[in-house]
Amino acid sequence: MLKYEIKKYILKPSIIISLSVFLLINLVKVLEIYYYTGGGRNVLFGGKDRTVIGEEILYEKYRGEITDEKIEMLKAELKTAEAKLKEYGIIEEPIEDSYTGYPYGDVNVTKDIIKAYEYAILYSDYSNSLSEKAFSNAEFFKGINDYDYRKNLLLADCYKSRAVDSFCRTRAYSALFDYKFSTILSMLIIILAISPIVAKEKSIGYDRLIVSTGKGTRVMIAKIITASFFTVISSFILFASDVIYYQQIYGFDGLNLPIYAIEAFKNCPFELTFIGAVFMTYLLRLTFLLTFSFMVVFISALSKNEIASMAVSMGTAFLLVILSEHIPSEISPTSLIGTSDMFSRVKLTDVLGFPVFSFVVALFVVALLSVIFIAFAIRRGRKCC
Amino acid sequence: MTLQIRELSKAYSKGKKALDSFTLTLEKGVYGILGPNGAGKSTLINCITGIIKADSGSIIFDDNGDRDYMKRLGFLPQNQDFYPNFTAREMILYSMALKDVKADDPKTYADEILKRVNLYDDRNKKVGAHSGGMKQRLGIAQALVGEPKIVIFDEPTAGLDPKERIRFRNVISSLANDKIVILATHIVTDIAFIAKNVVLMDRGRMIDCASQTELCSNIYGKVWETVTDYDKGMELMKEKRVSNVVSEGELFNVRVVSDEKPTEDAVSVQPSLEDVCIYHFGEIG
């Protein structure tokens, strides 16, 4: 049954063309963001300009384990760059004797690397102090407030013994975790492919035939599996395109470094490597998209034709995006898309006196919603599909 | 082989009884169901096919001890369409999957079914490129998957051109030997050509079930033809049940269904199935 559902709704030229177009739109969006965040003009697939190449040479020179020798070299590098800046001043034409072509650019890049080195070196002290504060808070709350006691113990434990001993180029990760546009595209392609999944049967009258064979429930289950399958595949393709585009633009470096190697994520409550954070980002977005696709199946089961199903699904998606800022993150399915926020702040929810990460509560909510959507769709499917 | 429909009743939310203790026993052969709009034809078919559940009553099938008629059911709903990106063969394979029909070589089985409705040559053509007639034949083909004992066609010839309609009738006739074929349609001529037995329905009840000859003979002496001028013709159309009017120059040949002789010069003629419908329902089909 499954292969026929896939053939009916997924293996259609319109869906394959739409997905290809979305991949292109995604690329344009990534490039647009890169351009407007100061990434330069000639950015992709070997078309980098000299400034970008110079930056990469400097980063390459100082990446990896932080050593005293590298720190000394960096200091010398900054001195040289500042001396050149004094000599040449602000120039418009690039010079040969420079990484980026401009002494001012060399100074900026060197200072950025020094700043990152300082952050890495000092991070251990920072996180230990957090851990100690949390521990002392826990002691304070012991016997007074169980939730705060447990919360502080959890924080004390998670910030304990942290260290960043390497430096790498991390812009790709921050950009990837911040980038949510491909999830919007995933929602659109899900609407295009899945919104007719039950409504189409009704509009062509095939629902009566299916019911007359007594296979309504089996067909509905096949439809739900098809929706899940398509969601996994399409969201993976779009997320993989994000990864490939950012790999081409910035390059993914230090996959095994902890996520708090990026200053923006210094308070990250999870002990994750970058590669782990990338997977977690995909899995959380996939979870949201799966629930979304079940909702589209449900809407399709309630609709009389494909157009109505598509319009209602589109309206609901729009509403979800609009309301996402006004719904508490604990119960908002869309909070699962924003991993950048999740990695940068500690968000805990009091569940019967126990501190639970807010995203876990959101996961529970989407799981519950999924069960409701699936149950209603199957119940409905017995009658009309 | 019999299909017994016993005291079947179904009322919708507004309280209207679509089926009112409908009782009928069907044996092998083609049965045409005739009735005016709202007579309950579609509700009856929906109950037999399991699309809706009757409020009360039962449907009992018996074919030498085999009582599960749902597994032996073929159905072509009204205005049936198909998935445009499927080929005719894929549609049949899909029907096989829906009906749990196993075959050593499913493609050969599907092709055999398509041969019966003359679609074999178009087996690899996408359904989106099929004409209305081809789609209707494909509908018949999917209904035949699994060699059903009961085949139900709901308004099967709607939208077909005369050639396709004749082809359809021939296919139905060829099925009648070992099956119960139920044909619900507004087109009386289809039933007149194919159905051995005619079921007359009105307001959810069965009025009569008999052969066409019997139904026609029941109203023998109640069908008249009279030649009149325009004014008299219009008067008859207002006052009597008129089944046909044929213009003959300035005069009109009017066919009237009436218990009494409509005019002095009216002559009694042989009733047709259309006259039967007019007699019972005041309209055709």
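Okay, let's start with one pair of residues: B:Leu8 sits opposite B:Phe22, which belongs to β2(B). Strands here are DSSP E runs of at least two residues, helices are H or I runs of at least four, and both are numbered from the N terminus.

Before going on, a word on the source. This is a predicted model, where local features need pLDDT of at least 70 and side-chain atom pairs count only at pLDDT 80 or more, while totals for chains, interfaces and linings use all residues. Residues are numbered from 1 along each chain as its sequence is written, and chains are lettered from A and ligands numbered from 1 in the order in which they are written.

Back to the strands. β1 (residues 2-11) of chain B pairs with β2(B) in the antiparallel sense, over six bridges; strands count as paired if DSSP finds at least two bridges between them. They belong to an open sheet of three strands in chain B, ordered β2-β1-β4, with antiparallel pairing. Which strands stand at the edges? Those are β2 (17-26) and β4 (56-62) of chain B, and each has a single partner strand, so one side of each has no neighbour in the sheet. From one strand to the next, the twist averages 10°.

Now the helices. α2(B) and α4 (residues 132-144) of chain B have axes that come within 9 Å and cross at roughly 30°. Axes are lines fitted to C-alpha atoms, for helices over the stretch in contact, and angles run from 0 to 180 degrees between N-to-C directions. α2(B) and α4(B) are therefore roughly parallel, the word for angles under 35 degrees. On the α2(B) side, the contact is made by B:Ala88, B:Met91, B:Ile92 and B:Ser95, and on the α4(B) side by B:Leu138, B:Ala141 and B:Gln142. Contact means that C-beta atoms, placed from the backbone, lie within 7 Å.

What about chain A? The contact between the chains takes 18 residues from chain B and 15 residues from chain A. On chain B's side, β5 (73-76) and α2 (88-98) each supply at least two residues, and α2(B) gives the largest share, three residues.

Finally, confidence. Chain B has a mean pLDDT of 86, with 98% of its residues at 70 or more; pLDDT is the predictor's confidence in each residue, from 0 to 100. Where in chain B is confidence lowest? In helix α5 (residues 162-175), at a mean of 80, whereas α2(B) is highest at 93. For the complex, the predictor gives an ipTM of 0.80 and a pTM of 0.82.

Terms used:
Two residues are in contact if their C-beta atoms, placed from the backbone, lie within 7 Å. Angles under 35 degrees count as roughly parallel, over 145 as roughly antiparallel, 65 to 115 as roughly perpendicular and the rest as oblique.
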